[in-house]
Amino acid sequence: MSYHDMYPFDHMEEDDFFDDVDEQEEFDGAAEDVPLDEYEMLTKVTDTSAAHARKGKDIQGIPWEMLNITRESYRLTRLEQYRNFENILTSGETADKDCKQVQKGDKYYEFFYNTRTVKPTILHFQLRNLVWATSKHDVYLVSNYSIKHWSSLSGNLSEIINFLGHVAPTERCAGNQMEGFSQTQISTLAVKDNFLVAGGFQGELTCKRLDKKGVSFCTRTTHDDNAITNAVEIYESLSGATHFIAANNDSGVREYDIEKFQLLNQLHFPWPVNHTSISPDRKLMTVVGDNLEGLLVDPQNGKTVATLSGHQDYSFASAWHPNGLAFATGNQDKTCRVWDARNVSSPIAILKNNLGASRSIRFSSDGQFMVVAEPADFVHVYSTTANYEKSQEIDFFGEISGVSVSPDDECMYIGIWDRTYASLLQYNRRHSYHYLDSYF
């Protein structure tokens, strides 16, 4: 992202980024004639279960029957007036003829629960990897200056790290910034197995072992003015050790051993790096950022193996299919492109979004699905076995702070940031138990 784009939300009005003023006024005005007691009911924090939804309750708890606008009308307004952020003007006007025709309407995941006691937030409007599920019951997310843990099993929300004050490491190791940080603004997050890594607006990296109290490691990757940590990925190296890679706006990509907290490798690219993703065999890495072209590189030496051409704007997301052959890139041109690593001369699928950029991409562990999150309102679940020609479209209202599929693929969580209806959506994998039919 350009330095001009690097402003946290608390320094700007929401409408500057997201909502067309007329659109926001239409929604806000829908309740302006509602009596006070009814207005309190309108905004009352209530959760929604699958049972509630089956009886007709809105999954977000929005009482459309009390508003002077229907859900269908407001959806049309959002589609017409939502402004996709572009670094390259009109990049979102990608010709439809280039995009794959997708049959929507399949249902791979079913709505299970929406909790409004969990309130995800977003610091930077282009960075949306702020929700991580480490199991089907355990979710970690950013909420203002805090990283929190939500247990869907117990319904308990707890604080893991509070960055509003002073955070300092408890372990001594080379490179550890023992004085720590104060008031760190969290721009990105990654949580896997027993490790949590948070990236900050000034190049900060904070690492925590989830089974120990306190923070283990603090470091500042760079003192460059353009230092924001754009993305972090935790993965298991070929040796079996746990590593993570941080992509920064200073055009650097840095690899760390998360168990020993040592910097292992540092690569430099010609433009700010917004996201990286390591292939399952650890031999290739996607590198996307403030450039129309993306790269496939050797993560050991940074040498370019292949160039990815076709996107019309800057990319902020990437992910590998578990088979190690296919990978995807998400762009502000409102597309997600799926590539075959053996031949990247052209993508095997170009998938068009409804509102805006592809800000987050996840493949299920079994490789059957690819999940693509737009900046707001829509999450798309594509069937890889159907060659990305069939999908489930999950439809709601609000900015998306992140999307995560649990390691066993049983649950999918979506963080929603909204002034009134901030919440965490849970969808469960749909199963067809055909073998049970013989019992009836």
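1. Let's start with a charge over a ring: Arg362 sits over the face of Trp132, 4.5 Å from the ring centre. Bear in mind as you look that this is a predicted model. There's another arrangement of this kind at Phe316, where Arg359 lies over the ring face at 5.0 Å from its centre.

2. Now for the rings themselves. How many aromatic pairs does a search of the whole structure find? The count comes to 12. One of them joins Phe327 and Trp339: this pair counts as stacked because the planes are at 15 degrees, with the ring centres 6.4 Å apart. Phe327 belongs to strand S23 (residues 326–331) and Trp339 to strand S24 (residues 335–340), so the pair ties together parts 12 residues apart in sequence. Both Phe327 and Trp339 are buried.

3. Have a look at Trp64, Tyr74 and Phe397 too: ring pairs link these residues into a cluster.

4. You'll find Thr121 in the loop that runs between strand S3 (109–115) and strand S4 (131–133). Is Thr121 buried or exposed? Thr121 counts as buried because its relative accessibility is 11%, and the cut-off for buried is under 20%.

5. What does Thr121 touch, leaving out residues up to four places away in sequence? The contacts are Leu130, Val142, Ser143, Asn144, Ser401 and Trp417. For Asn144 there's a polar detail as well: its backbone nitrogen lies 2.5 Å from a polar atom of the Thr121 side chain.

How values were computed:
Residues numbered from 1 in each chain as written. Predicted model: local features only at pLDDT ≥ 70, side-chain atom pairs only at ≥ 80, totals over all residues. Heavy atoms only, no water. Helix = DSSP H or I, 4+ residues; strand = E, 2+ residues; numbered from the N terminus. Buried < 20%, exposed > 50% of the residue type's maximum accessible area, 1.4 Å probe, protein only. Polar contact = N/O pair within 3.5 Å; in protein donor to acceptor, adjacent residues only side chain to side chain. Contact = heavy atoms within 4.5 Å. Phe/Tyr/Trp six-rings, centres within 6.5 Å; stacked < 30°, edge-to-face > 60°. Lys NZ or Arg CZ within 6 Å of the ring centre and 35° of its normal.
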